[in-house]
Amino acid sequence: MSQSSVTTVACPKCGHAQEFTTWNSINVALNPEKKAELKNGTLTRFVCEQCSDASEVNYPILYHDPEQQFMIWMNSDREALAFGGVSLGDVLNGYRLRLVESRNQLVEKTHIFENHFDDLTMELFKASMTAVAKGVPDGELLFGGLGKGQGDAVELQFAVLSESGTQFIGTTREAFEDTVESLGPMVDSEPLEVGKWHRIDTEWADGVLERFMPQDPS
């Protein structure tokens with residue numbers, strides 16, 4: 001089920017305090033409209049009634065998609081994430097259980113799973129892109145979905161977030177699949193424990209690459 005509560009938030013610009021609804025648990029099968037609100041930012045956007053300043057409120061969200069069988073626990077508190085999120089027992093052993101730190105990371109996970117990709121492979125692919133590909137801007141690289149590129153070829157689309165703004169890049173499905181074939185042994189080398197929460201992100205991917213392909217000290 002989805003759960004919401006009302007709290008009081010002070011505007012970071014003028015200090016005006018007003019009520020704000022937080023959605024601490026979202027079941028998108030029961031409340032599909034919340035998926036769109038999460039992705040467009042309105043679910044976490046605070047708009048001050050006094051000065052009209054808009055800002056994002058970061059609060060813990062448990063995102064549940066029973067059809068795709070995944071749950072994502074978002075919390076900006078790394079200590080809470082290290083604890084392992086919400087305890088669910090063995091009832092959801094068939095689920096992919098993920099921990100993320102931001103709304104952008106949460107939205108990216110939904111894009112990955114809804115497009116039927118494996119997030120371990122995707123994170124390793126992104127790490128390889130930034131390591132060897134030319135023309136990838138500096139910033140946080142996030143998978144955004146599938147689209148059409150040159151000649152209407154299907155491509156994977158990414159957003160690169162940085163202080164200077166957001167840039168968009170793409171790579172062909174063929175290039176992705178060719179790279180995935182080489183990444184397979186890395187993914188298989190460290191299988192995830194079933195029924196446990198896992199952080200699969202840039203830090204995880206860099207660690208796998210370092211262990212699998214250690215740098216030559218010379």
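Student: By class, how many nonpolar, polar and charged residues does the lining of the largest pocket have?

Tutor: Good place to start, and remember that this is a predicted model. The largest pocket has a volume of about 300 Å³, and 19 residues line it. Sorted by class, that lining has 6 nonpolar, 4 polar and 9 charged residues.

Student: Which element gives the largest share of the lining of the largest pocket?

Tutor: Let's look at the contributors. β7 (96–100), α3 (103–114), α4, β8 (140–148) and α6 (202–212) each supply at least two residues. Among the residues closest to the pocket's centre are E123 and K126. The largest share, 4 residues, comes from α4.

Student: Leaving aside neighbours within four places in sequence, which residues is L124 in contact with?

Tutor: L124 is one of the core residues that touch the most other members. Setting those sequence neighbours aside, its contacts are L183, M186, V187, W204, A205, V208 and L209.

Student: And which element gives the most to the lining of the second largest pocket?

Tutor: That pocket holds about 240 Å³ of space. Of its 15 lining residues, the closest to the centre include H111, L142 and F143. α3, β8, β9 (154–162) and β10 (165–172) each supply at least two. With 5 residues, the element giving the most is α3.

How values were computed:
Residues numbered from 1 in each chain as written. Predicted model: local features only at pLDDT ≥ 70, side-chain atom pairs only at ≥ 80, totals over all residues. Heavy atoms only, no water. Core = buried A, V, L, I, M, F, W, Y, C linked by side-chain atoms within 4.5 Å. Buried < 20%, exposed > 50% of the residue type's maximum accessible area, 1.4 Å probe, protein only. Contact = heavy atoms within 4.5 Å. 1 Å grid on protein atoms, 1.4 Å probe; cavity = no way out; pocket = protein on both sides within 12 Å on 5 of 7 lines; lining within 4 Å. Points joined across faces, edges and corners; volume = space filled by probe spheres on them. Nonpolar A, V, L, I, M, F, W, Y, C, P; charged D, E, K, R; others polar.
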